[in-house]
Amino acid sequence: MNKLTYFPGCSAHGTSEEFDHTLKLVMKTLDVQMEEIPDWNCCGATSAHVMTENLALALPMRNLVLAEKLENKTMGIACASCYSRMKVTKKHLDEHPDLAHKINTTIIDEGEYKGDIDVKSMLQYCFEEIGPEVIKSKVTKPLTGLKVACYYGCLLTRPKDVTHFDSPEYPMSMDILMEALGAKAMEFDFKTECCGASFSISNTDVVESLSGKILEVAKESGAHMIVVACPLCQSNLDMRQPDIERHTGQKFALPVMYFTQLMALAFGFPEKELKLPKHIVPVQEALSHIGEIEPTPEKVKKTKKAVEAESEVE
Amino acid sequence: MDHSKQIQEIASRLFAENKIDYFVGYRQNSFDDTQVPFLITDPAEIPKLVFTERSVFNLSNYLKPDHTKRKRVGLVVKGCDSRALNLMLTESQVKRENVYIIGICCEGVLNEKGEKAQNCVECVMPDPVVYDEILGTASGKREYIVNADIKELAQKALTERADYFENIFENCIRCNACRHSCPLCYCAKCCIDQETSTLYHGANTSSAGMHALMTWSLHLAGRCVDCRNCEKACPSHLPLHLLHKQNEMVIYENFQQHLAGMEKDDRGAFYKYSLSDPDDFIL
Amino acid sequence: METEVKKAQGTMVSAENPDITAPADWQPVIMGILCNWCSYAGSDLTGTSRIQYPPNIRIIRVPCSSRVDPWFIIKSLQTAADGVLISGCHPGDCHYISGNYYARRRFLVTKKLLNFIGYHENRVQFSWVSAAEGPKFAKVVAKVTEDIKQLGPLHRYKKENF
Amino acid sequence: MARVGVFVCFCGANIADFIDVPAVVEEAKKVKEVKVSVLYKYMCSDPGQQMIRDAIIQNRLTSVVVAACSPRMHEKTFRKALSDAGMNPYLLEVANIREHSSWVHQKDKKAATEKANDLIRMAIAKSIANEQLHEISVPVTKRALVIGGGIAGIQAALDIADARIPVTLVEKSPSIGGRMAQLDETFPTLDCSQCILTPKMVDVASHPYIELIPYAEVIELDGYVGNYKAKIKKKASYVNFDTCTGCGACTQKCPVKVPNEFNMNIDKRKAIYTPFPQAVPNKPVIDAEHCTMLLKGKCGICAKVCEKGSIDYKMVDEVIEREIGAVVVATGYDLWDPKPYEEYGVGRYKDIITSLEFERMVSASGPTNGVPLRPSDGKVPKNVVFIKCIGSRDEAKGIEYCSKICCMYTAKHAILLHHKVHDSHAYIFYMDIRAAGKGYEEFVKRAQVETAATYLRGRVSKIYKKGDKLMVRGEDAQIGQVVEVEADLVVLATAVIAPHENPALARLLGISYDKYGYLSEAHPKLRPVETAKAGIFLAGCTQAPKDIPDTVAQASACAAKVCGLFAGDTLKKDPMISTISNEFCSGCLNCVKVCPYQAIVTEEIPLGHGSKELRTVAKINEGVCQGCGSCVAICRSMAISLAGFTDPQIINEIVAI
């Protein structure tokens with residue numbers, strides 16, 4: 001059994017409870033024991049680092065110090081924003097050891113920061129430490145027929161120097177995971193475009209235009225639904241969808257699901273465990289595509305053969 | 001550390017198989033317990049060969065003369081000696097096929113007082129780095145230690161140091177024994193010769209010795225292996241190792257931990273460079 | 001103590017030997033060895049730009065800083081000079097591709113050896129001055145001259161006849 | 001006993017105002033070797049020089065010291081004066097009392113005078129140790145090697161050959177022509193590239209002074225200026241060029257199809273092929289990597305159809321040697337692979353192509369017969385977006401420098417697109433328009449006005465697919481807004497980069513290259529075509545990105561340099577170089593390691609007088625040595641001395657104070 005230090009972040013206990021819940025189910029199936037950091041605090045999110053740099057470092061640092069005490073190799077983070085803050089802080093502290101000492105003695109007092117824990121997003125953890133092969137082996141109910149557009153958002157793979165995970169512009173890890181579950185990951189250009197996150201509450205116009213674009217391109221790709229790994233992405237794309245539809249007159253009907261929900265489904269958990277009623281955009285229609293078999297276009301195959309033959313001796 | 005028997009056996013074998021013309025080893029001194037270098041051509045003299053912790057000299061020096069250069073020589077070397085020999089090979093002074101090297105994994109030799117010699121205490125490489133046959137058990141490369149005397153002197157005030165060196169080097173009698181005893185000093189024309197140093201350092205002045213020796217030490221900087229043959233040869237007992245070890249220390253600390261003669265084809269610190277060499281001392 | 005008293009009286013005292021002194025108006029002699037392509041050209045530019053600097057330096061031209069043998073430094077200190085300034089092209093700019101890199105290694109070891117043996121470290125200084133750095137050359141000379149003035153006379157061996 | 005003459009110059013008021021010149025003259029007289037010490041207002045003037053010449057003869061001087069301006073200024077002038085008086089010119093020393101004294105110590109006449117005295121004493125002391133030196137003559141082989149058969153190599157070869165100097169032109173591909181042969185029309189005049197290039201290519205093939213070796217590489221270069229020896233590997237072509245008539249039957253019948261690199265892999269060529277119809281030489285070669293006869297021993301059709309029996313499957317690589325005197329390197333450029341632009345979907349979308357691919361498509365003889373077509377569906381594009389600075393000026397993804405030619409060729413592409421597809425529209429995203437050059441700005445104007453191309457200043461941040469269109473989203477910085485363009489085709493102006501073989505070639509030739517792989521010139525401004533190694537010159541993009549006019553100009557400059565080098569039967573060289581004394585050389589060969597020019601070679605000499613045994617010593621190759629003195633300072637045996645800067649000369653200077 002693998003052990004994992006778990007940092008849920010505030011969303012996981014609120015708006016994205018379905019993420020937290022399915023994550024725990026999935027991890028159990030994958031034989032990973034999650035230990036939630038006792039007495040964890042806010043990561044500082046987008047607010048702290050516009051106020052003061054040291055506070056923005058101190059908040060995640062306290063979590064890091066607490067996480068290190070659990071003595072697991074890796075710390076998994078559910079929320080992309082928390083993940084980004086932890087990673088940035090860790091990079092900063094590792095590069096300036098004296099700073100860690102200073103913050104530790106002036107702002108927080110939880111013991112020395114050692115810097116020996118790996119910080120990973122849950123997507124990264126699933127992809128790097130568990131791996132698509134193992135995940136595939138646990139699938140009992142493949143999602144064949146389901147077409148998904150994987151949306152990573154801005155923070156899971158960027159900045160490259162901080163995350164060191166996947167491509168910053170066109171990542172593929174979630175796509176590969178989805179293919180392992182049997183779903184078809186569509187070619188989707190807006191994988192890492194901004195959804196408007198920070199303006200989620202203060203300036204919804206911006207969110208509507210940015211998220212609208214993402215939905216539009218996702219729809220264009222032929223996907224039945226969008227898959228995400230970040231609570232804020234989920235809420236922006238899901239919650240704002242009716243508004244966007246109303247304002248633009250387009251009809252998307254694209255449910256936005258967490259990758260863990262789809263994993264749970266494929267692992268054979270009953271649908272009620274997915275907490276589908278929490279979604280604003282109804283999910284059922286999209287899920288009904290599971291089991292559909294796409295007709296294999298024979299014509300394409302023939303031409304392919306012809307192409308191969310062409311390069312050989314005629 | 002007594003390898004006398006083994007060396008005698010090897011020497012007899014080499015002569016018997018006609019692999020060598022000379023054998024260079026050590027022999028007991030007739031009047032005390034010290035040893036002297038011993039060059040033999042006659043196998044009958046083999047029983048006189050010894051090797052103990054009294055075998056202090058660097059025998060690589062005996063490969064310098066033309067007559068040994070051209071012959072096949074069997075040779076006993078300790079760790080430091082082998083580094084010197086390595087450099088001589090790199091600098092094409094000795095042909096590898098002309099020497100049969102018996103490398104000794106050295107446990108340290110004794111100084112005149114019968115204590116373990118300082119260069120052995122501070123030795124970085126007691127095992128031979130080049131050999132045909134190895135005796136003893138290898139103990140591996142050790143950590144570099146800054147010379148104790150240098151540490152002590154460096155702490156003194158500048159005026160004291162200046163005074164110390166001025167007084168001590170005034171005793172140089174310009175006999176050139178240091179040069180002759182060094183295996184790496186094989187130049188036909190040398191900076192400490194009277195003839196050249198008249199031009200460079202002034203012939204008969206008290207400072208001439210010091211300045212000549214400084215220049216000489218710079219010719220050995222990055223090449224000196226700290227065998228201390230020069231110091232053993234100096235009739236005025238000048239602490240010549242101070243100059244060499246000072247240079248060695250600066251080179252070790254600044255130029256990728258360079259130590260002379262450790263690797264094949266390494267010519268010494270002054271014959272290569274790195275773009276990242278220290279530049280902060282330059283305005 | 002004695003040194004302090006002498007200094008207070010305005011006498012120049014050697015940093016290496018308190019017994020060596022010079023009157024207050026003493027001027028040091030500095031040997032400057034410059035590479036032809038960068039530093040010598042730079043010093044010429046200082047001249048054509050009429051930038052003023054202290055007159056204590058005596059300049060020798062060599063093709064490249066790699067031509068500078070540590071002998072020249074030792075010999076200069078042993079004879080007339082109270083200090084030495086060697087200057088070459090900036091790293092990477094050497095007219096002869098890599099000369100100054102080799103020179104740089106020798107200079108560091110020489111400087112440290114001289115210091116160890118009892119010369120103040122400021123007696124021998126090095127600089128990189130390009131052909132365009134006329135003002136920098138003047139600044140370097142001014143600094144070195146000032147440094148060496150502070151150190152007082154060197155001539156430990158002046159009495160010796162060469 | 002040395003007899004020195006000292007000549008002190010007033011330099012008008014330049015020296016005389018700040019230095020007590022008469023006192024200096026008197027002071028010089030105190031040196032016992034000085035036989036004459038005089039002053040004059042302008043030593044460099046004719047009367048001044050006459051004064052020196054007269055004094056040399058009258059006083060039988062053995063050396064001369066001129067105290068005046070910097071030796072970098074008038075050393076040559078005064079050396080000539082010495083030679084005119086029948087004296088060896090290298091017996092001159094110049095004391096630089098102007099730049100080093102009068103001009104920099106203008107407020108302290110006493111100190112300046114004292115310094116001048118010292119400088120003159122030093123010069124006198126040095127001059128006493130001066131030796132007679134003579135210019136070195138190096139024999140010269142009058143044949144040039146040109147590496148690379150693009151427009152740079154072609155131009156250099158033709159210009160040199162026109163001066164009746166034999167040239168060996170080595171090209172790695174089966175035909176000369178290079179990148180220029182791939183171009184359609186050229187800016188700023190829009191004349192057809194093939195039309196102006198092919199006559200030159202034919203000239204190369206038929207020129208009596210040019211030996212063209214296609215499909216070959218230089219693998220070794222030994223020697224020094226005027227006396228190089230090159231080894232050239234002729235790759236096996238499996239076609240006997242002597243008997244082949246170039247009829248083309250083999251290429252027609254060959255059943256194996258492979259991507260055509262000349263057409264940027266847009267179409268296919270055969271395994272036996274000539275790269276393009278106008279190739280020179282117009283003889284096919286077999287691509288050994290794809291030919292099934294060579295790979296599996298099956299087929300052999302080309303041999304069957306060849307009436308001349310020119311196909312030879314057993315042909316092997318051949319190495320030939322040429323003795324040459326100078327080398328012109330013209331290896332051209334490569335294009336940067338835009339893969340890192342993932343946000344554009346490079347590699348995922350077929351309809352994103354590079355400029356050179358576009359160039360091939362609009363070329364009348366290209367794979368699409370001059371009509372640009374979308375690779376995805378073969379339709380003619382209407383809206384085409386051109387994006388400049390792909391990789392150029394991009395520290396994060398590409399390289400820092402500007403590729404220089406993209407602004408111009410993109411303007412050209414806009415015009416060509418307009419010519420080929422009349423109802424099309426070009427959108428051009430740019431950072432800056434760099435159109436410095438004759439007729440260039442006008443040309444860009446023409447693209448903007450004539451073709452109504454939309455120039456958008458800003459970077460593209462995203463390209464995504466919408467139906468069968470590509471949506472290009474970028475910033476229009478001039479209106480400060482994000483814009484989206486619906487494109488049928490996107491053309492990326494990828495950066496010009498150095499050929500990846502350049503570093504290996506540079507090491508082989510013994511020249512240096514920069515961090516990008518471009519070969520380094522000796523001086524960025526004053527010696528832009530020479531390398532640091534004498535006798536090796538650079539032409540074209542191998543040195544830095546440049547357009548065709550600049551490339552041709554540089555190639556001609558190379559030719560002029562080569563002709564200059566070969567003007568006499570021997571090369572004259574400054575005698576201030578190192579020499580090694582056999583007697584003192586210990587043969588450690590550390591100097592060989594330190595020499596930046598590989599100017600030190602080894603030599604076997606007898607071990608002793610009359611000895612049969614040999615020992616190895618170092619020897620200076622006079623032709624190569626540049627006189628830096630690196631070897632002198634590291635030679636512990638003092639066996640090396642550098643003429644003009646010997647140890648006695650410098651030590652004399654030091655002790656003179």
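Trainee: In chain A, what percentage of the contacts with a separation of 6 or more is accounted for by residues 24 or more positions apart?

Mentor: This is a predicted model, and everything that follows is computed from it. The percentage you ask for is 80%: in chain A, that share of the contacts with a separation of 6 or more comes from residues 24 or more positions apart. The chain has 314 residues, of which 47% count as buried. Its secondary structure comprises 16 helices and eight strands.

Take the sheet of chain A next. Four strands make up an open sheet with parallel pairing, and their order is S2-S1-S3-S4 in chain A. The edges are held by strand S2 (32-36) and strand S4 (118-121) of chain A; each has a single partner strand, so one side of each is left without a neighbour in the sheet. On average, and ignoring direction, neighbouring strands of this sheet are turned by 35° against each other. A residue pair to look for in the display is A:Phe7 and A:Ile77, the latter in S3(A), which stand opposite each other.

From there, go to the contact between chain A and chain D. Each side is listed separately: 12 residues come from chain A and 12 residues from chain D. On the chain A side, helix H11 (204-220) and helix H16 (298-311) of chain A are the elements that give two or more residues. By class, that side of chain A has six charged, four nonpolar and two polar residues.

Chain D has 19 helices and 34 strands. Among its contacts between residues at least 6 apart in sequence, 70% join residues at least 24 apart.

Which residues of H8(D) are buried? They are D:Ser193, D:Gln194, D:Leu197, D:Met201 and D:Val204. Seen down the axis of H8(D), these buried residues fall within an arc of 90°, so they line one face of the helix. Their packing partners in chain D are helix H7 (151-162), strand S7 (167-170), strand S8 (185-186), strand S9 (191-192) and strand S10 (210-213). On the face of H8(D) turned away from the buried side are the exposed residues D:Cys195, D:Pro199 and D:Ser206.

The sheet is an open one of three strands in chain D, with the order S24-S25-S26 and antiparallel pairing. Strand S24 (460-466) and strand S26 (481-487) of chain D are the edge strands, each pairing on one side only. From one strand to the next, the twist averages 25°. Six bridges connect S24(D) with strand S25 (residues 469-476) of chain D, in the antiparallel sense. The bridge partner of D:Val460 is D:Gly474, in S25(D).

Chain D also touches chain C, in a contact that takes 36 residues from chain D and 34 residues from chain C. On the chain D side, helix H5 (98-102), helix H6 (109-128), helix H18 (630-634) and helix H19 (647-656) each supply at least two residues. The largest share of that side, six residues, comes from H6(D). That side of chain D divides into 19 nonpolar, nine polar and eight charged residues.

Five of its five residues are buried, so S6(C) is largely enclosed by the rest of the structure. C:Val124, C:Phe126 and C:Trp128 point one way from S6(C), whereas C:Gln125 and C:Ser127 point the other way, and all are buried. Strand S5 (residues 83-88) of chain C runs parallel to S6(C), joined by five bridges. In that pair, C:Ile86 stands opposite C:Phe126, one of the residues already named as buried.

Methods:
Residues numbered from 1 in each chain as written. Chains lettered and ligands numbered in written order. Predicted model: local features only at pLDDT ≥ 70, side-chain atom pairs only at ≥ 80, totals over all residues. Contact = placed C-beta atoms within 7 Å. Nonpolar A, V, L, I, M, F, W, Y, C, P; charged D, E, K, R; others polar. Buried ≥ 20, exposed ≤ 12 C-beta atoms within 10 Å, placed from the backbone. Arc of directions from axis to C-beta. Pairing = 2+ DSSP bridges. Axes fitted to C-alpha atoms, helices over the stretch in contact; angles between N-to-C directions.
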